[in-house]
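Let's read this one together, one feature at a time. Have the sequence and the 3D view open as we go.

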Amino acid sequence: MSYDAAFARLPVNACFDLKGAESALVEWIGAEMLPGFPADANRCRKANGVSLDHVGPRHWLLQADIDREDELNGALRPHEAPAEVSIVRISDTMATFRITGTDAAHMLAIGCPLDLHEAAFPEDAVSFTEFFGQKALVRRCVGGFEVSVEQSFGDMTEDYLTRALR
Amino acid sequence: MQVRRLPTGGRIDRSQSLAFRFNGKEYQGFSGDTLASALLANNVRLTARSFKYHRPRGIVGSGPEEPATLVELEGRRASANQAATTVRLEEGMAARSVNCWPSPGLDMGAVNQLFAGLIPAGFYYKTFKWPGWHLYEPAIRKAAGLAGAPVAPPLDGHFEAVHAHADVLIVGAGPAGLMAALVAGRTGCRVFLADERTEAGGSLLDRRLEIAGKPALEWVAESVAELKSMPNVTHLLQDASVWAYREHNLLMVNERSPANSNVLERNWRIRAGQVILATGAIERGLVFPDNDRPGVMLASAAQAYVNRFAVKPGERAVVFANNDSAYAVAADLHASGIDIAAIVDSRDAVPEDARDLAGEIPIKSGSVVIGIRGKRAVKGATVAERDGRGAEKVDCDLLLHSGGWNPTAHLFSQSRGSLRYDDTLATFVPDKAAQACVSVGGAVGEFSPASALRTGAEAAASATGSEMPDLPAVTEGHYSIAPLWRVDARGAKGKAFLDIQNDVTVDDVHLALREGYDNVEHVKRYTTGGMGFDQGKTGNINIIGTIALQKGVPIQDVGTTTFRPPYTPVSFGAIGGIREESVVLPYRHTPITRWNLDRGAFMYEAGARWRRPGYFPRDDETFQEAVNRECRAVREDVGVYDGSPLGKFELKGGDVGRFLDHIYTNLMSTLKPGQCRYGLMLTEDGLILDDGVAMRLGKHRWMVSTSTAHADTVHGHMEELLQTQFPEWNVYVTPVTSQWNNATVCGPKAREVMAALGSDIDLSHKGLPFMSFADGQVAGLPARVVRVSFTGELSFEINVAPRHMRDLWERTMEAGEPFGIEPVGSEASHVLRVEKGFLSLGHEVDGTVDAHDLGMSWIMSKKKRDFVGKRSVELRRRGNEIRRELVGLLPANPNEQIPEGAPLTPGGERRPTEGLVTACVWSVVLDRWVALALLENGKSRHGETVHVRLKNATIAADVMEPVFHDPDGLRMRS
């Protein structure tokens with residue numbers, strides 16, 4: 001008997017690293033581009049296919065499908081942004097895995113020390129943590145979790161997940 | 001034939017017969033048996049030999065306290081260090097005894113018994129000193145140990161390690177643990193319960209008790225059913241030992257029978273808000289002559305074998321005790337048909353409750369056992385009054401003893417909680433907790449079932465802030481004890497063991513005390529008592545009591561030793577989990593890794609866990625031939641290497657310029673957008689931390705590159721400065737190592753290859769001069785081209801997003817083919833940088849040198865008032881001490897290679913070193929071996945001949961400038 005879980009490596013997302021004061025970011029980007037800032041730490045807000053994840057003090061990740069990367073880049077204008085905000089395109093920095101199935105939480109628990117119980121990690125939670133010893137971003141998805149690791153560790157993570165699923 | 005199996009009763013499944021082998025012989029047991037109970041059922045009495053003296057040993061306990069019968073499992077579940085009492089019997093299981101050869105019945109090591117008087121505790125510390133310990137060490141190491149480790153991975157299945165969290169973690173599913181779980185579970189908080197036995201119930205499994213007016217095991221079954229119905233009780237693990245209690249309520253659990261049959265064992269790492277330790281208590285033995293003979297057993301163990309496993313451990317027993325609990329054992333055994341010859345009680349007065357339990361069984365109060373008859377099996381005991389008078393022999397095949405009960409305080413102690421001595425219980429009990437944990441039931445000295453239920457409920461109610469529930473009715477038992485630390489009667493002869501697992505006797509402890517080891521920790525180390533995986537489960541308190549008696553001090557003044565994890569043996573595999581084989585170490589790939597592998601590249605780790613190609617051998621090429629070919633391509637035509645692993649960070653903010661000026665030794669803030677500059681970073685003590693290139697992307701945007709290996713270190717360095725020293729500075733750091741991959745085209749024909757690739761960037765010398773960069777398209781891909789060189793040749797570093805890297809690489813190989821392009825590995829890169837005298841961290845930068853030593857004084861800015869490490873360098877140099885400085889070396893024999901790291905000594909003589917060789921490579925431009933070295937006052941010694949001192953030879957070499965190719969850098973600037 002093996003686990004009831006499966007994983008898939010997802011294509012890259014458009015992803016921008018945003019740092020700075022909320023007000024400065026809104027002033028530069030424009031509120032209409034953003035789904036609104038999450039009210040709590042380590043939560044995400046989504047709107048119009050864009051999600052904004054709080055991942056640290058004055059630090060967010062803005063994500064969308066990869067085919068919207070140029071559109072977002074044009075709107076965010078990272079190279080022209082004022083000194084008070086930092087906007088960096090990091091779409092390629094992470095390899096993302098979707099892990100689903102009734103044993104998905106157990107799969108996560110093999111690699112991740114974070115408390116992912118729904119009481120501690122609700123539907124809109126997002127957090128950097130560790131996955132198989134490497135820095136990773138974890139969030140919930142339908143039927144399981146999505147885990148993003150630094151792109152160069154993607155093959156290793158796939159190797160680990162294959163082993164964990166036995 | 002299970003001749004000792006009772007016809008009815010027990011928690012075994014008689015419909016499931018299991019065949020197993022022990023020491024090569026076939027036996028039968030039942031599902032629900034342990035290996036120990038199955039051996040006893042088959043009347044196997046001699047099951048082991050002792051560690052040091054190779055004395056015959058049998059089964060002593062019934063759980064993790066077993067000190068004697070340790071086995072090595074063979075076959076699919078091959079493992080060592082297993083107590084037979086904790087091994088769940090499985091069909092086809094094979095096991096063998098340890099500490100004996102060829103068998104416990106005929107053990108060649110038993111010859112040690114002839115010399116027992118010559119090998120007391122610590123004998124080898126004193127004996128094996130001449131001519132030297134190392135002469136004896138191999139043989140002693142071979143003799144030591146409790147079994148061999150498996151020589152191969154498991155044939156099937158794998159181990160797993162997993163994280164978990166709980167509001168309340170309860171250790172133990174006995175009456176206290178179950179009650180605590182029920183109370184906590186009913187509040188809705190997340191409960192994790194782990195129990196070392198194969199089914200819940202704890203000590204209730206071994207005894208005949210009633211709870212709430214019905215058999216206790218019915219209450220257990222109802223409790224378990226209720227817990228299973230609660231979704232917030234996330235885990236109810238059986239056959240799972242909590243083996244370590246770490247800081248911040250992190251506990252380790254070894255689950256030996258996971259539901260997933262592919263998983264051999266699982267190790268849980270549980271972070272709990274509150275821990276309730278319901279670990280019960282362990283019965284300790286009494287210390288009397290030959291108390292280790294097969295057939296001498298803990299009284300509670302015999303009770304467990306009769307009640308839980310329906311096994312009679314003997315036909316006629318003597319029970320020797322100093323407390324009340326053994327009377328219930330005698331009653332249970334008597335009811336099961338075992339003839340109890342006598343209860344020998346060292347106390348003068350036996351409480352009436354106890355006498356009532358004994359019924360018709362003769363009681364010899366104020367008496368002790370002073371000897372055992374029978375070496376391979378008990379045949380009788382000699383019983384006498386406490387002073388030895390009135391000795392009489394009693395025939396028996398079973399000697400049961402009980403020296404009282406010790407709370408299982410191992411985990412509490414591991415959590416750094418303190419223990420105190422309880423006079424009434426004659427044992428150490430948990431005192432002050434150091435973490436959010438509480439001990440309940442037997443684990444805190446509440447030995448009766450009623451108090452176990454009560455303390456379990458109280459702890460859970462307190463942890464969850466809930467009300468105390470009504471407790472089920474249970475008869476309150478009576479327990480009293482008069483400590484007896486050793487039998488010291490006239491006529492008592494023979495070895496009296498305190499620690500059976502480590503063969504430590506009363507005489508050993510006395511010897512340690514006589515020799516000045518009078519602290520309990522010193523006694524432990526001198527005698528090995530309480531060491532190993534026994535961790536003092538049965539012997540600890542007796543050793544402490546023996547020390548107290550001998551020194552004439554109160555036992556609390558002796559104190560306890562430190563209990564250490566693991567509480568019970570744990571497989572290394574379970575600790576490691578799935579981290580084995582290809583993932584035993586982390587690894588990182590670039591998008592070109594597959595391409596490299598497909599072309600037969602020799603791959604290895606090259607810093608920060610990146611797997612990089614060392615070289616690309618062709619056909620029958622040797623290593624050197626392959627490296628030479630790649631080097632020649634770069635020097636004469638063109639090569640390309642994957643520079644993706646270099647660390648990269650984007651810095652943004654109004655203060656980035658001055659921040660870079662602070663962390664680099666040279667000035668960066670003066671760079672114009674589109675320019676880049678090589679720089680050095682120092683540590684606060686003025687040594688080189690890293691080197692790299694800073695690029696100015698815009699007014700407030702910069703990118704810095706670092707060495708591959710030091711990317712994380714530099715990131716930490718920058719963040720530490722920004723968060724501690726300059727929190728008000730406007731600087732944001734974003735790692736982009738994996739946002740930018742690069743293929744670096746280098747060599748005299750690099751520009752032709754770039755032209756063939758096609759680009760909208762002006763790549764001419766004027767359009768994109770050395771140390772500049774530009775964004776645009778290369779081969780139709782969005783790219784940033786940087787004019788830096790780590791090979792000394794004309795180079796174009798083409799940076800693209802990883803999603804484009806494979807395309808870029810293949811197009812580059814295609815475009816470069818007419819020009820003879822070669823992929824270049826790390827080995828060739830090493831040669832090329834040595835030829836140029838470029839520094840390498842870990843080679844020339846060895847943690848002792850500064851920039852001046854490396855001939856890079858030009859990079860130490862004199863314009864800047866301060867930068868990290870500046871003051872340290874200046875202070876050090878004020879001392880005018882001799883420095884080791886970077887030089888080039890040409891071996892006198894051009895075909896003679898110098899080993900990297902080899903020392904330089906004056907004249908090659910056996911004298912203090914004056915330097916070392918940092919690198920030595922075959923130079924394709926000079927067609928000979930060349931080397932770099934750090935040499936005392938090296939810069940002023942050009943032209944001298946120095947000597948490399950090897951073990952059996954010296955190598956002469958001429959000192960020169962540390963650059964062997966294009967000293968003016970014209971090629972890389974071309």
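Q: Into which domains is chain B divided?
A: First, some ground rules: this is a predicted model, where local features need pLDDT of at least 70, side-chain atom pairs count only at pLDDT 80 or more, and totals for chains, interfaces and linings use all residues. Residues are numbered from 1 along each chain as its sequence is written, while chains are lettered from A and ligands numbered from 1 in the order in which they are written. Domain bounds come from an automatic or database domain assignment. Here chain B has domain 1 (1-153), domain 2 (158-282 + 408-464), domain 3 (285-403), domain 4 (494-558), domain 5 (593-644 + 740-831) and domain 6 (647-735).

Q: How many residues of domain 1 of chain B are in contact with domain 2 of chain B?
A: Two residues are in contact if their C-beta atoms, placed from the backbone, lie within 7 Å. By that rule, 4 residues of domain 1 of chain B meet 8 residues of domain 2 of chain B. The C-alpha centres of these two domains are 29 Å apart.

Q: How many residues does each chain give to the contact between chain B and chain A?
A: Chain B gives 34 residues and chain A gives 37 residues. Helices (H or I, at least four residues) and strands (E, at least two) are DSSP runs, numbered from the N terminus. On the chain B side, the largest share, 6 residues, comes from β8(B).

Q: What do the buried residues of α3(A) pack against?
A: A residue is buried if 20 or more other C-beta atoms lie within 10 Å of its own, exposed if 12 or fewer, and partly exposed in between, with C-beta atoms placed from the backbone. In helix α3 (residues 104-111) of chain A, 7 of the 8 residues are buried, including His106(A) and Met107(A). These buried residues pack against β7, β8, β10 and α4 of chain A, together with β8 of chain B.

Q: Why is strand β15 of chain B largely enclosed?
A: It is largely enclosed by the rest of the structure because 12 of the 15 residues of β15(B) (residues 263-277) are buried.

Q: Which strand does β15(B) pair with over 12 bridges?
A: Two strands pair if DSSP finds at least two bridges between them. The partner is β8(B), in the parallel sense, and Val171(B) stands opposite Leu277(B) there. β14(B) (residues 250-255) runs antiparallel to β15(B), with 6 bridges. β28(B) (residues 437-439) is joined to β15(B) by 3 bridges and runs parallel, with Ser439(B) as the bridge partner of Leu277(B).
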